[in-house]
Amino acid sequence: MIQIERVYHHLEPGDSEGTRFLVERLWPRGVKKTRLKMEGWLKDVAPSTELRKWYGHDPARWPEFQRRYTRELGAHREALAPLLEAAREGDVTLLYSARDEAHNSAAVLKGYLERSLRSSRRRPTLH
């Protein structure tokens, strides 16, 4: 299972968060690196600086942001390898810092990864 979570959420004992990755290009404000429990910081799976600035968390631009970011992900599939590998082995949590919990890059990335995993399971293995 792939889930998304704001970096500002405090883990409770017993939370089943799986392998955690920060999927932001910039380090989240006010978060100490020693406090954030994660496997890695994957800057290269985040939207490009140009796309992030264009979007500006404007919900009116959300549909176009999804299209553009999905194209960027398709062009950088090698950067997704750690996420796909971890998701094949167990639960993965994508950490993000945006305030909007519905309209953020981690939500788009989650959908992209889930589609990639489904399509890879349907492909026949050649021997």
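Analyst: What follows covers the sheet, a pocket and some salt bridges. Note that this is a predicted model.

User: Start with the sheet. What is the strand order?
Analyst: The open sheet has 4 strands in the order β1-β4-β2-β3, and the pairing is parallel.

User: Which strands stand at the edges?
Analyst: Those are β1 (2-6) and β3 (40-41). Each has a single partner strand, so one side of each lacks a neighbour in the sheet.

User: And how many bridges join β2 to β3?
Analyst: There are 2 bridges between β2 (residues 19-22) and β3. F21 has G40 in β3 as its bridge partner.

User: What is the lining by class?
Analyst: The lining has 9 nonpolar, 4 polar and 6 charged residues.

User: Now salt bridges. What does the count come to?
Analyst: The count is 5. E64, R67, R68 and R71 are linked in a network.

User: How far apart are the N and O atoms for E64 and R71?
Analyst: The closest N and O atoms of that pair are 3.8 Å apart. R71 counts as exposed, at 55% relative accessibility, while E64 is partly exposed at 24%.

User: And R68 with E64?
Analyst: Their side chains meet at 3.0 Å, N to O. Both residues lie in helix α2 (residues 62-75), 4 residues apart, about one turn of the helix.

User: Where do K110 and E114 lie?
Analyst: They are in helix α4 (residues 105-122), separated by about one helical turn.

Technical notes. Residues numbered from 1 in each chain as written. Predicted model: local features only at pLDDT ≥ 70, side-chain atom pairs only at ≥ 80, totals over all residues. Heavy atoms only, no water. Pairing = 2+ DSSP bridges. Nonpolar A, V, L, I, M, F, W, Y, C, P; charged D, E, K, R; others polar. Salt bridge = Lys/Arg side-chain N within 4 Å of Asp/Glu carboxyl O. Buried < 20%, exposed > 50% of the residue type's maximum accessible area, 1.4 Å probe, protein only.
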